[in-house]
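The sequence and the structure come first.

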There are 2 protein chains.
Amino acid sequence: MSEETYTIGEMCRAFDVTPRALRFYEQKELLKPIREGQHRHYTNRDRARLKLILRGKRFGFSLAEIRELLELYYVGDGQKTQLEATLDAAEKHHVELVEKREELTAAIGELEEHMTLVRRMLADKGHRAAG
Amino acid sequence: MSEETYTIGEMCRAFDVTPRALRFYEQKELLKPIREGQHRHYTNRDRARLKLILRGKRFGFSLAEIRELLELYYVGDGQKTQLEATLDAAEKHHVELVEKREELTAAIGELEEHMTLVRRMLADKGHRAAG
DNA sequence: GTCAGGGTTGACGTTTACGTCAAGCTTGGG
DNA sequence: CCCAAGCTTGACGTAAACGTCAACCCTGAC
């Protein structure tokens, strides 16, 4: 089921990234494609991770931070202590993300205010031109 | 009223940035403090812009992008064509921010799902240990 | 057989966003 | 007078995240 793999070229086309970037992420231990001789075979797990990587980048996280975030999604051997540690870290990250969203909401609000102001200025000009 | 200015050191303490960063932002035309001889005097306008700069950075925008964003908040001479252009750009940016917030919401949702999963795994372990 | 179309590993180059000196001015305090 | 504190302008250094070669291997098509 989850047996399908993808070449580096397929991954690049699917996610609009360069081979260099994928190899770089691998070197930074963000991806671990299967090796068949020299060649790489990316699994669905790699696809999922890459999605998270690219999303993380859009939110301004460094690759080092993203690497930690990816670990939140890895339950490892499922040991209790490990799960608890994961959950702990996940909660911290959750708080971070929620705060970020609040700040983003504030920014959106300010921009809307400003746009309203500019619209009023434009309307004003219209009246005076018509008057 | 809006006459108060601040030295570079005061700015640094207030916003937790280095002098180097402020000079760098000035070089990139993100800030334009008043010059008295050699020395810089930051106005309240500079403070407002710096807030936006730092916020933009937290959201992963480059300084070049932030510079454009700052221009959205500058109404210039208030010419109709200029105001319309500003409004146009502001609307585009607004869409961008809203999309970003939606993506962030999705990310938060996924993280919450994962946390629920991990919690269930932990609860499971508890039951088996107790059983 | 050779040739284009993939893939591979180095290894050096580049951009962004500053850090980190060096060398110098100026101003209040003792 | 001298000094520390704070400011200034260069100018070189650096970390992150790749870009961009070069040089090589493999495979299927003609």
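## Contacts along the chain

In this predicted model, among the contacts of chain A whose partners have a separation of 6 or more, 36% are made by residues 24 or more positions apart. Buried residues, for their part, account for 17% of the 131 residues in chain A.

## Elements and overall form of chain A

Chain A holds 5 helices and 2 strands, and its elements follow one another from the N terminus in the order α-α-β-β-α-α-α. Chain A is more spread out than a compact globule, because its radius of gyration of 23 Å is well over the 14 Å that the globule rule gives for 131 residues.

## The surface near DNA strand D

There are 16 residues around DNA strand D, and those that come nearest are Thr18(A), Ser62(A) and Leu63(A), together with Gly9(B) and Arg40(B). Two or more residues are given to this surface by each of several elements, which in chain A are helix H2 (19–27) and helix H4 (63–72), and in chain B are helix H1 (8–15), helix H2 (19–27) and strand E2 (39–41).

The largest share of the surface near DNA strand D comes from H2(A), which gives 3 residues. Sorted by class, the surface near DNA strand D comprises 6 nonpolar and 6 polar residues, along with 4 charged residues.

Methods: Residues are numbered from 1 along each chain as its sequence is written. Chains are lettered from A and ligands numbered from 1 in the order in which they are written. This is a predicted model: local features need pLDDT of at least 70, side-chain atom pairs count only at pLDDT 80 or more; totals for chains, interfaces and linings use all residues. A residue is near a molecule or strand if its C-beta atom, placed from the backbone, lies within 6 Å of it. Helices (H or I, at least four residues) and strands (E, at least two) are DSSP runs, numbered from the N terminus. Ala, Val, Leu, Ile, Met, Phe, Trp, Tyr, Cys and Pro count as nonpolar, Asp, Glu, Lys and Arg as charged, and the others, Gly among them, as polar. The radius of gyration is taken over C-alpha atoms; the globule rule is 2.2 Å times the number of residues to the power 0.38. A residue is buried if 20 or more other C-beta atoms lie within 10 Å of its own, exposed if 12 or fewer, and partly exposed in between; C-beta atoms are placed from the backbone. Two residues are in contact if their C-beta atoms, placed from the backbone, lie within 7 Å.
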